[in-house]
Amino acid sequence: MASYKLLLLPGDGIGPEVAGGMQVVLDTLKETGLAAFEIETDLVGGCAIDAHGRPLADETLARAKDADAILLGAVGGPKWASVAYENRPEAGLLRLRKELDLFANLRPAICYPALAEASALKRELVEGLDIMIVRELTGGVYFGEPKEITTLEDGSKRAVDTQVYTTAEIERIAHVAFDLAGKRSGRVASAEKHNVMKSGVLWKEVVTKVHAEHYAQIELEHILADNCAMQLVRRPKQFDVLVTDNLFGDVLSDIAAMLTGSLGMLPSASLGAVDASGLRRALYEPVHGSAPDIAGQDKANPIAMIGSLAMCLRYSFGLGDAADALDGAITDALAGGARTADIAGEGTNPMGTRAMASAVA
Ligand code: GGG
């Protein structure tokens with residue numbers, strides 16, 4: 001039986017609870033004899049600030065580099081609101097993504113049949129919805145310099161964030177999107193704002209070139225990010241693979257989440273490049289944050305975290321059948337009526353995090 005070394009970083013808020021739910025499922029996978037997992041647990045985000053004074057210790061980063069895959073819960077919370085910006089909980093996650101060069105963030109937004117009524121939209125608009133958002137994760141305004149707040153002569157302030165993209169950064173994320181589309185419906189929409197942003201002009205130019213040179217069989221549509229947001233709530237099933245930059249990807253995937261019923265439903269994979277030995281670094285995490293308002297109450301939906309484990313099996317370990325089985329278990333649990341509070345309708349008695357994880361397991 002193959003054995004994989006996983007680094008588990010539960011993080012803050014509901015992170016440890018959803019990670020605990022995922023571990024119930026991991027134990028079941030282990031019992032099936034499909035694969036064995038050696039799990040090392042460490043700190044990231046606010047809990048790491050409390051323990052080490054920094055949101056990501058160098059030792060944790062070294063462990064992350066050594067693991068076959070990383071599973072992360074969520075980071076952040078009001079407890080660390082007064083921490084210096086450079087040292088805030090989110091900086092730990094951003095450092096992990098940057099240092100491991102996890103440039104390709106895959107965020108599938110799937111509307112499970114049993115949840116069509118829980119969607120923010122009418123059933124007919126979301127039934128069968130299956131969008132793959134490909135968010136560029138290590139560039140753009142998240143990392144561009146300068147990034148600062150300065151004080152002007154009159155005492156008022158000036159804040160600057162810088163959006164930077166290079167040809168190489170856009171090329172590699174475009175390849176990921178087109179390759180994925182080749183295995184799906186063969187359609188890619190590329191969202192930017194070339195009408196107001198130079199980085200949008202370059203984004204459109206490079207995506208067009210990669211398409212023409214390598215993927216002529218794939219259908220490509222360029223769409224302005226604001227129109228894309230509108231189309232996601234107007235007619236979401238027009239999209240299959242949607243590739244976009246770091247910031248637009250964050251915003252558009254939160255919109256897409258509400259089409260599936262809840263932010264608690266969206267898993268993600270953050271992937272690096274495949275190296276010479278065929279391996280790549282990868283981190284898997286739910287799209288949602290630490291939800292401090294419900295932390296510690298056994299209320300959080302663990303499906304995004306469990307779905308992230310399914311993505312780990314698929315993309316890091318090539319265990320496609322096991323990933324399909326896990327996705328099927330989520331479908332079945334929902335079809336059987338399992339609901340946490342975020343996806344329970346009016347008058348329904350929701351179950352807790354642990355009960356939902358057990359239903360899937
Ligand atoms: N599980 C995701 C999470 O904790 N997100 C909080 C965060 O740091 N978000 C930054 C971003 O991805 O834009």
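K98 lies over the face of F143, 4.7 Å from the ring centre. A charge sits over a ring here if NZ of Lys or CZ of Arg is within 6 Å of the ring centre and within 35 degrees of the ring normal.

Before going on, a word about the model. It is predicted, so local features need pLDDT of at least 70 and side-chain atom pairs count only at pLDDT 80 or more, while totals for chains, interfaces and linings use all residues. Residues are numbered from 1 along each chain as its sequence is written, and side-chain values use heavy atoms, with hydrogens and water left out.

Now to rings that meet rings. A pair of aromatic rings is described by the distance of the centres and the angle of the planes. How many aromatic pairs does a search of the whole structure find? The search finds 5. Rings of Phe, Tyr and Trp (its six-membered ring) pair if their centres lie within 6.5 Å; planes under 30 degrees apart count as stacked, over 60 as edge-to-face and the rest as tilted. Y4 and F317 are stacked, at 3.8 Å centre to centre with 15 degrees between the planes. Because Y4 lies in strand β1 (residues 3-11) and F317 in the loop between α10 (303-315) and α11 (320-335), this pair ties together parts that are 313 residues apart in sequence. Helices (H or I, at least four residues) and strands (E, at least two) are DSSP runs, numbered from the N terminus. Y4 is buried, with a relative accessible area of 14%, and F317 is buried too, at 10%. Buried means under 20% relative accessible area, exposed over 50%, and partly exposed in between (1.4 Å probe, protein chains only). Ring pairs also link Y4, F37 and F317 into a cluster.

Finally, turn to the helices. The axes of α1 (residues 15-31) and α10 come within 8 Å and cross at roughly 45 degrees. Axes are lines fitted to C-alpha atoms, for helices over the stretch in contact, and angles run from 0 to 180 degrees between N-to-C directions. α1 and α10 are therefore oblique to each other. Angles under 35 degrees count as roughly parallel, over 145 as roughly antiparallel, 65 to 115 as roughly perpendicular and the rest as oblique. Where α1 meets α10, the residues in contact (heavy atoms within 4.5 Å) include V18 and L29 in α1 and M305 and L313 in α10.
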